[in-house]
Amino acid sequence: MRMAVEHAIQNNMMCLSRHSSIQTIIRHPFSSFSLSPFHKVTSMQHVRCCHNPLSYGAAEKEMSKKVGKKEHHLWKKRDSTGSGQKALNLVRIVSELPNEKEAVYGALNKWIAWEPEFPLIAATKALRILRKRSQWKRVIQVAKWMLSKGQGASMGTYDTLLLAFDMDWRADEAESLWNMILHMHTRSISKRLFSRMISLYDHHDMPDKLIEVFADMEELGVKPDEDTVMRVARAFQTLGEEEKQKLVLQKYMCKWKYIHFKGERVRVRTDAWDEKC
């Protein structure tokens, strides 16, 4: 029996010597286990557990866990909590104001007076709400105020503002904004923004301006969508340039299109090709 105890002690010491980390030994649940030749061993279960590699692996994983470092960012995280309520509050404020620039800008400045940073998320949501309600004058006022603060200069804001100019019959202001966008963001103007400006000129019966925007679109390598191609073709037809109209249709208009008929995808000839080709 004594020989068995000595053999177990030797095996236990060999297991502990494989792990040089003192902290691992201290944290191990059986590290304080010790035997002397005079102890009576009633069970060898604890000795066998020392040979289990999983117990040491768990202990090592526990030691390998380090407290994460606190990250310091150079920017502020924009908190969207409560932005919906702020947006509704902004919509309520501007809806109750007279249609005067000084009154609107003064109320908007008060709205952000106690904000630690500009509430861009709330202001963008307010623009979306005003757009859905077709309050185009308020959309123009809020969008111009945002841009005057150096905020919201994105393609989405420009698209909303151009739409508001279109619906409020302010083609001159839309042209000024478009020239600024074309000068500042020449290589990053999206297809959607080009389509918006072409739609505006088509709505206001300005085919010459429409063709100029389309020329810039071609120069920058932006491929027009089907609606834009049809508007450009109508503009060339209005100007009496039918040859250019056919060239535009042949270059950009697809000869075939796919529609769903009785649950199946069917290829049909486009109307433009039926009429012109």
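Select Trp145. Its relative accessible area is 0%, so Trp145 is buried (under 20% relative accessible area; over 50% is exposed, in between is partly exposed; 1.4 Å probe, protein chains only). This is a predicted model: local features need pLDDT of at least 70, side-chain atom pairs need 80 or more, and totals for chains, interfaces and linings use all residues. Residues are numbered from 1 along each chain as its sequence is written, and side-chain values use heavy atoms, without hydrogens and water.

Phe118 and Trp145 form one that is tilted, 5.4 Å centre to centre with 40° between the planes; planes under 30 degrees apart count as stacked, over 60 as edge-to-face, the rest as tilted. Phe118 sits in the loop between helix H6 (101-111) and helix H7 (120-132), and Trp145 in helix H8 (residues 136-148), so the pair ties together parts 27 residues apart in sequence. Helices are DSSP runs (H or I, at least four residues), numbered from the N terminus.

Next, select Phe214 and Tyr252. Their ring centres are 5.9 Å apart and their planes at 80°, so this pair is edge-to-face. Phe214 belongs to helix H12 (residues 207-219) and Tyr252 to helix H14 (residues 242-252), so parts 38 residues apart in sequence are tied together. Phe214 is buried at 4%, and Tyr252 is buried at 15%.

Key: Rings of Phe, Tyr and Trp (its six-membered ring) pair if their centres lie within 6.5 Å; planes under 30 degrees apart count as stacked, over 60 as edge-to-face and the rest as tilted. Helices (H or I, at least four residues) and strands (E, at least two) are DSSP runs, numbered from the N terminus.
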